[in-house]
Amino acid sequence: MALIIACPQCGPRPYTEFWCSGELPEGGHGGDPGDLEADYARVWLRRNVAGEQRERWFHHAGCRRWCSLTRNTITNAIHDID
Amino acid sequence: MTSIDFEGREIPIEPGDTIAAAVYRSGVRIFSRSFKYHRARGVYCGTGDCPNCSMTVDGDPAVRTCVTPAVAGQKVERSTGWPSAGFDVFGTLWWLRAFLPVGFYYKSLHQPAGLWSVAEGYIRKLAGLGDVPIGHPPGNPERRYHHPDVCVIGGGIAGLAAALAAAAGGAQVVVCDEGGVGAKLPPGPLASRVAALRDLVRVSPRVLLIEHATAVGIYEGPLVPIAGPDALHLVLPKKVIVATGASERHGVFKGNDLPGVWLARGAALAVGRDRLTLGRSAVVAIDTEAGLESLEASRGADVPVAAVLVPAALAPRVPGGAPVIVGGRLVEALGRRRVRGAVIDGPAGHQRIACDTIVLALGFVPRDNLVRQANAGPVEVSVAGDVAKPGESFAAAEASGRSAGEGNPPAMEPAPLPAAPRNGFVCLCEDVTAADLDLAWHEGYQGTELLKRYSTVTMGPCQGAMCHGHLRSFVAERSPVPMLSGATTSRPPARPVRLEDVAAGARYPLEWHTALHDRHLEMGAVMEWAGIWKRAERYGDVLEEYRAVRERVSIMDVSTLGKYQIAGRDATAFLERLYPCRVADLKPWRSRYALLLNEAGYVFDDGLVGSLGGEGYYCTFTSSGADAMESWLRDWAESWGHSVRIVNQTSTLSAINVAGPRARDLLAKLTRDPVNARSIPYSGMSRITVADVPCLALRVGFVGELSFELHHPRLESVRLWDALLTAGAELGIKPHGLEALRLLRLEKGHIIVGQDTDFDSSPAKLGLEWAVKMDKPDFVGRPGLLRLASIPPNRVLRAFTFPGKEAPLDGAQLLAGDERVGFLTSSRFSPALGHGVALGFVYRTPNGFPTNVLAVDGTGRLLMGSVAPTPFYDREGVRLRA
C-alpha cells in the first residue's frame with residue numbers, strides 16, 4: 001500500500017514530506033488537567049496496536065499544517081483524514 | 001590500445017567487454033578463491049547471479065566482474081588467495097575438510113578459554129571474500145528521490161514492455177536494470193527485440209531508465225532504493241512491478257565448482273557476445289525443455305561436444321551431430337584446478353569422459369528475492385516475465401510484461417524444485433557442501449531456516465540465488481512437513497550493495513546559512529554546526545572577543561534563533577496555556593524568559609516571550625529547536641481550538657545582538673530613536689530604526705552586559721552589520737562567536753538547553769522553579785510536574801567554582817571521596833573572576849547533594865571545587881540593567 005497521504009490542504013503527497021507524531025492518545029491532546037492518572041496514561045502509555053490507529057501527521061514540506069488520520073499499521077492503508 | 005590493469009599486467013579490452021570477458025581472454029581461468037576452503041573458482045553463471053567471478057575493482061571488493069563493464073585504466077585484482085588466487089597455498093584446506101565440518105569453531109574452539117580469541121584472528125584472515133578497504137576514499141554518491149506511478153525492477157523484455165504499457169496508460173515510470181539494458185543477452189532475436197523496446201523507452205517522456213543500477217530491496221511505502229553508479233535513487237512509487245527474470249539453475253555434483261563448469265547462459269554469452277573460446281571438448285547436461293533452448297543458444301561455440309546428457313523425452317529434439325547419452329546423469333567433474341573430465345552415470349553404468357568444459361542447462365530459477373521480500377511485508381507487487389514463469393518464450397514474457405504494465409493482477413507460478421543434492425557444493429558463496437548439510441541435519445538442524453542459520457547456506461553475496469532451491473529439496477526429501485522445507489525469509493539487500501551507497505547523501509547534509517554567513521567567512525571565522533545552521537565559533541582570539549563584550553562593545557549574529565509572531569483573538573490564552581510562566585500580565589513592549597515543557601514536564605527549549613502591544617506576541621526559541629517549534633505550536637493551537645495566527649519568521653528575520661557597556665553609545669550613533677534606559681529598559685522592547693534598517697530591539701541579558709538584540713529583515717542584515725562595525729570602530733568593536741558566548745553566559749550561570757539539560761530535566765532538577773508558575777490552572781507539562789512533585793529529584797544541576805587558574809574540561813567527572821557523584825556539563829576559566837566556573841549535575845547521596853567535589857577530566861588534573869551561587873558575575877545585575 002503506497003504511503004501516500006491525502007493532505008487536506010495539498011492533496012495526495014508522499015509520506016516523506018510529513019513528520020508523524022505517533023499514535024494519537026485516546027481522547028486526543030489536552031483533557032482534564034486535574035486528572036493525573038488519565039494524563040499519565042496519555043503521556044506515557046502507548047497501545048502499539050497491530051491494526052487501525054489514529055495518528056497525527058505534520059506536513060512539514062508542504063502546508064505546515066497538522067492532519068489526523070487513521071492508518072492500518074499492518075497494511076499502511078490510510079483513511080479518515082481531517 | 002585500451003587496456004585495464006589486472007594485477008600489474010596490462011590486459012587489452014574490446015568494446016563491450018565485461019571485466020570478466022577481458023580477464024578470461026587473457027588466459028586467466030581462476031577468478032577467485034572460495035570463502036572457506038580456498039577452492040579455485042572461475043566464471044560460472046555469467047549473469048551476475050553467483051559469487052565466483054568477484055574481484056576487487058578500483059578498491060571496491062566483491063565486484064561481480066561478469067556484469068561490470070571493463071573501462072580503460074581500471075585496476076582489477078583478485079581479492080582472495082595467498083600468495084595469489086592462481087596459486088593459493090591454502091587450497092590445501094580442502095584436504096583438511098574432515099577437520100573443518102560445518103560449525104567447527106563452535107565445536108572445537110570454545111575451550112580452553114582464550115583459544116577462540118587467538119583462533120578468530122587466523123580464521124578471519126583465512127575465510128571471507130576479500131578485505132574491506134578501510135583506507136580507500138569513498139565516493140560521494142548523492143541521494144535522489146523519485147515519485148513515479150510505477151517502478152519497474154528489471155530492464156529485460158518483460159520489464160521494458162511493462163514500462164511502455166504503463167506509460168501508454170498515462171503513468172510516470174522509473175525502470176532500472178543492473179547492467180546496461182540487453183547486456184546479458186547473446187546476439188539473437190531476443191536481443192534485437194529488447195534493443196527495439198529500449199529505444200522506445202529512451203524517447204518516452206514518461207519513462208526514466210536507470211541503467212547499471214541495482215534495486216537493493218522493497219521496503220514499506222513502498223520504497224525501492226536503487227543503487228546507481230553515481231547516486232542512490234530512492235523511488236517511492238504507487239506500484240512496483242518486479243521483472244528480474246530468472247537465473248540458470250545451479251548444478252550440484254562432486255567437483256561442480258571447478259573452473260570450466262559453466263551454466264549454459266553464461267557459456268552462450270561468453271561465446272556469442274564476448275567471442276571467447278571455452279575449451280577443446282565439452283560435456284553438456286540438459287534437464288528441461290528450457291535447457292534445450294539454452295543449448296541452442298550456446299551452440300555457436302566451436303567446442304566439440306563430447307557428450308550430451310538428456311532425459312529420454314527430450315532426446316529426439318537434440319540437434320544431430322553430438323553423441324547423446326539418454327538418461328545420463330553427471331556424477332563428478334574431475335580435475336583440481338580446472339575440469340579435466342567428467343564421470344557420468346548412464347545406461348552403461350559409470351563412465352569417464354575426457355573434457356575440459358561442462359555446460360549445465362538444467363532449467364531456470366526465478367530471481368524472486370525481491371518478490372519474497374515484498375510478500376513478507378505489506379507491499380503488494382506485480383510480477384512479469386521469467387520471474388513469474390521461468391523459461392517462457394520471449395513473446396510470452398513480453399506479453400506478461402505488457403499485461404502487468406496495464407495493471408492486470410499478477411500470476412506467479414511456484415517454480416519446481418531441483419533434485420535433492422547428493423554431493424558437491426550447494427552454496428558457492430559460503431562453501432557449504434551437501435555433506436555439510438547432511439551433518440547439520442543429523443545434528444538436529446532439520447528445516448530450511450535452521451540449516452540456514454547454522455551452516456550459513458543461502459546467506460552469502462548471492463543471497464541464495466544459486467542454492468535456495470537445492471536447500472529446499474534437501475529438506476523436502478528428508479521431511480514430510482512442508483513448512484520445514486519452505487522458502488526462507490528474504491531480506492534486503494537482494495544484491496550486494498556498497499556501504500557508501502547506504503550512506504548516500506551523508507556528505508550533502510542540509511546546511512542553513514544566515515544572511516551574514518559570507519561576512520563571517522570574510523572575517524576569518526571558524527564555523528561550527530548548530531543544528532542545521534552553520535554559525536561562527538570564533539573569529540580569532542576568543543579572549544579578545546570576550547573582552548570586547550565585557551569592556552567595550554561587540555556584536556553577534558543570532559539570526560539562527562527561532563523567531564515567531566503569534567497573534568489573533570486567542571493569542572494570550574494560547575500562550576498562557578503553552579508556557580509555564582505568566583504571559584497575560586506582560587506589560588506592552590516587555591518580554592520575559594520562558595521555559596518550554598513537554599507533556600512529561602521536562603524542559604525541551606527556552607526563549608523569550610514578548611508583548612507587541614496590541615499586535616500580539618513575539619517569541620524566540622533556541623536555534624536548534626527553531627524548525628520543530630512550528631509543529632509544536634500548531635499542534636497545540638489546533639488541539640485546543642484556539643484562534644491564533646502563527647507566523648514563523650525564523651528565516652525572514654535576522655538578528656544581531658549588540659552587547660557591552662558601550663552598546664547604547666554605538667546605537668545612539670546610528671539611530672534617532674531614543675535608546676535610553678527609560679525608552680528601552682531591561683527586558684523592554686521597542687521598534688527603532690538603526691542605520692536606516694527597521695529593527696525590533698529587545699533588551700536581553702544572556703551575556704550579562706547591556707545588550708540589544710536587533711531583529712530586522714534578512715535582506716538588510718549585511719547593511720546593518722557593516723554599519724555597526726564601521727560606527728563601532730572608534731569604540732573598539734569586535735564581533736564575538738559562539739565560544740565567547742558560551743563563556744559569557746556561563747559567568748552568568750545561564751543554562752544552554754541541550755548542553756546543560758538532559759531529556760528528563762524537570763525545572764526542579766535545573767533549579768529553575770522560579771520560571772514555573774504552578775498556581776496557573778493549566779499549562780503544558782503541569783500535570784507532569786504535579787506527578788513529579790512527589791518524587792524528589794535524584795540529581796540536580798548545580799553551579800561550581802574551581803579556585804585556581806584552571807577549570808576542568810566540559811564533561812569532567814565529579815568525585816566526593818571515592819564515589820562518583822556527578823559530571824560537569826559546562827566549565828570554563830572565568831577571566832573576570834580569575835577562577836573556574838562550571839555547571840554540572842550531582843547525584844543524591846545519603847548525605848544529600850554533595851557540595852564539595854573533585855573534578856577529574858582525563859588530563860591528569862584533579863581540581864577541587866565547591867557549590868556556589870549564581871550568577872558568578874555581576875550578582876546584582878547592575879551591568880545588565882544599565
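How many helices and strands are there in chain A? Chain A has 1 helix and 6 strands, and the model that shows them is predicted.

**Chain A**

- Along the sequence, the elements of chain A follow the pattern β-β-β-α-β-β-β.
- Taken along the principal axes, the C-alpha atoms of chain A fill a box of roughly 40 × 25 × 20 Å.
- Chain A has 82 residues, of which 15% count as buried.
- Among the contacts in chain A with a separation of 6 or more, 52% come from residues 24 or more positions apart.

**Contact between chain A and chain B**

- The contact draws 24 residues from chain A and 22 residues from chain B.
- On the chain A side, the elements that give two or more residues are helix 1 (36-44) and strand 4 (52-58) of chain A.
- Helix 1 of chain A gives the most to this side, with 4 residues.
- By class, the residues of chain A that touch chain B divide into 13 nonpolar, 7 polar and 4 charged.

**B:Arg634**

- B:Arg634 lies in helix 17 (residues 628-640) of chain B.
- Leaving aside residues up to four places away in sequence, B:Arg634 touches A:Arg65, A:Trp66 and B:Ile646.
- B:Arg634 counts as partly exposed because it has 17 C-beta neighbours inside 10 Å.
- Between B:Arg634 and B:Phe425 there are 209 residues in sequence and 62 Å in space, C-alpha to C-alpha.

**Helix 15 against helix 20 of chain B**

- The axes of helix 15 (residues 542-551) and helix 20 (residues 738-747) of chain B come within 9 Å and cross at roughly 55°.
- Helix 15 of chain B is therefore oblique to helix 20 of chain B.
- The crossing of helix 15 and helix 20 of chain B is right-handed.
- From helix 15 of chain B, the residues B:Val542, B:Glu545, B:Tyr546 and B:Val549 meet B:Glu739, B:Ala740, B:Leu743 and B:Leu744 of helix 20 of chain B.
- This contact of helix 15 with helix 20 of chain B has 6 nonpolar, no polar and 2 charged residues.

- Helix 20 of chain B is mostly covered, with 8 of its 10 residues buried.
- The buried residues of helix 20 of chain B are B:Leu738, B:Ala740, B:Leu741, B:Leu743, B:Leu744, B:Arg745, B:Leu746 and B:Glu747.
- The cover over these buried residues includes helix 15 of chain B, together with strand 29 (526-530), strand 30 (533-538), strand 31 (554-557), strand 44 (819-830) and strand 45 (835-843) of chain B.
- Just after helix 20 of chain B, B:Gly749 takes a positive phi of about 75°.

**A six-stranded sheet of chain B**

- In chain B, 6 strands form an open sheet with mixed pairing, in the order 38-39-40-37-31-41.
- Strand 38 (685-690) and strand 41 (734-735) of chain B are the edge strands, each pairing on one side only.
- Strand 31 and strand 41 of chain B run parallel and are joined by 2 bridges.
- B:Ser554 has B:Lys734, in strand 41 of chain B, as its bridge partner.
- Helix 19 (residues 717-728) of chain B packs on the sheet, touching strand 31, strand 37 (653-659), strand 38, strand 39 (693-699) and strand 40 (707-713) of chain B.
- The direction of helix 19 of chain B makes about 10° with that of strand 37 of chain B.

How values were computed: Residues numbered from 1 in each chain as written. Chains lettered and ligands numbered in written order. Predicted model: local features only at pLDDT ≥ 70, side-chain atom pairs only at ≥ 80, totals over all residues. Axes fitted to C-alpha atoms, helices over the stretch in contact; angles between N-to-C directions. Parallel < 35°, antiparallel > 145°, perpendicular 65-115°, else oblique. Left-handed = near helix turned anticlockwise from the far one by under 90°. Contact = placed C-beta atoms within 7 Å. Nonpolar A, V, L, I, M, F, W, Y, C, P; charged D, E, K, R; others polar. Buried ≥ 20, exposed ≤ 12 C-beta atoms within 10 Å, placed from the backbone. Pairing = 2+ DSSP bridges.
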